[in-house]
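Here's a quick walk through a model, with an eye on its helices and aromatic rings. Have a look at it first.

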Amino acid sequence: LLLALQVRLVMKAYSFIRENVPRVLSSVKDKSGTVHIPRISQYLYFLFAPTLIYRDNYPRNPTIRWGYVATKFAQVLGSLFYAYYIFVRLCIPQFRNSSQETFNLRGLVLCIFNSILPGVLILFLAFFAFLHCWLNAFAEMLRFADRMFYK
C-alpha cells in the first residue's frame with residue numbers, strides 16, 4: 001500500500017514538473033516579466049484529484065452529490081465484506097490442513113488450483129472497489145468533472 005502511494009506521488013510529481021518546467025524556461029528565455037508559477041492550491045487539488053495529468057484548471061461540477069458519495073463508499077465497504085467472505089469460505093479451508101499433512105506436490109497443486117478462482121474474484125473486487133468506487137467518490141467530493149478523460 002505504501003509502495004503504491006509512493007508510485008502515485010512520483011508519477012504526479014513527474015507530470016507536474018513536465019507541464020510547468022517548459023513554461024518557466026520559455027518565459028525566462030524570452031526575458032518576459034511574468035513567470036507563471038502554479039499556486040499551492042492548484043498543486044494540492046492535483047494531488048488529490050483522480051488524474052495523473054496536471055492542468056492548472058480542471059472542469060468542475062457546480063455541486064457535490066452526497067448521496068452518490070455515500071453510495072460509492074457503501075460499495076467499497078460491500079466489496080471489502082464480500083472479498084472477506086470469499087477469502088474465509090473458499091481460500092482458508094484449502095490451506096487449513098496443509099500444515100499438519102506431509103508435503104506432497106499433488107496436494108499443493110490442488111490447493112493452488114482450487115484457490116485461483118477465488119483469488120481472481122478478490123482481485124476483481126479490489127479493482128472495482130478502488131478504481132471505480134473509491135476514486136469516483138473522491139472525484140465527486142472534489143467536484144472533478146472530467147471523469148471520462150481517458151475514454
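UniProt positions are in the numbering used here, feature names are shortened, and annotations may be inferred rather than shown by experiment. This is a predicted model, where local features need pLDDT of at least 70, side-chain atom pairs count only at pLDDT 80 or more, and totals for chains, interfaces and linings use all residues. Residues are numbered from 1 along each chain as its sequence is written, and side-chain values use heavy atoms, with hydrogens and water left out.

The unreviewed UniProt entry puts "transmembrane region" at residues 66–87 and 107–135. Helices here are DSSP runs (H or I, at least four residues), numbered from the N terminus. Residues 66–87 are 100% helix, with end C-alpha atoms 32 Å apart; for residues 107–135, also 100% helix, the ends are 40 Å apart.

On to the rings. Phe, Tyr and Trp (its six-membered ring) pair if their centres lie within 6.5 Å; planes under 30 degrees apart are stacked, over 60 edge-to-face, the rest tilted. That gives 8 aromatic pairs, including these two:

| Pair | Centre distance | Plane angle |
|---|---|---|
| Phe 16 and Tyr 54 | 4.9 Å | 80° |
| Phe 73 and Trp 134 | 5.4 Å | 70° |

Phe 16 sits in helix 1 and Tyr 54 in the loop between helix 2 and helix 3, so their pair ties together parts 38 residues apart in sequence. Phe 73 in helix 3 and Trp 134 in helix 4 are 61 residues apart.

Buried means under 20% relative accessible area, exposed over 50%, partly exposed in between (1.4 Å probe, protein chains only). Phe 16 and Tyr 54 are both buried, whereas Phe 73 is partly exposed at 26%.

How values were computed. Helix = DSSP H or I, 4+ residues; strand = E, 2+ residues; numbered from the N terminus.
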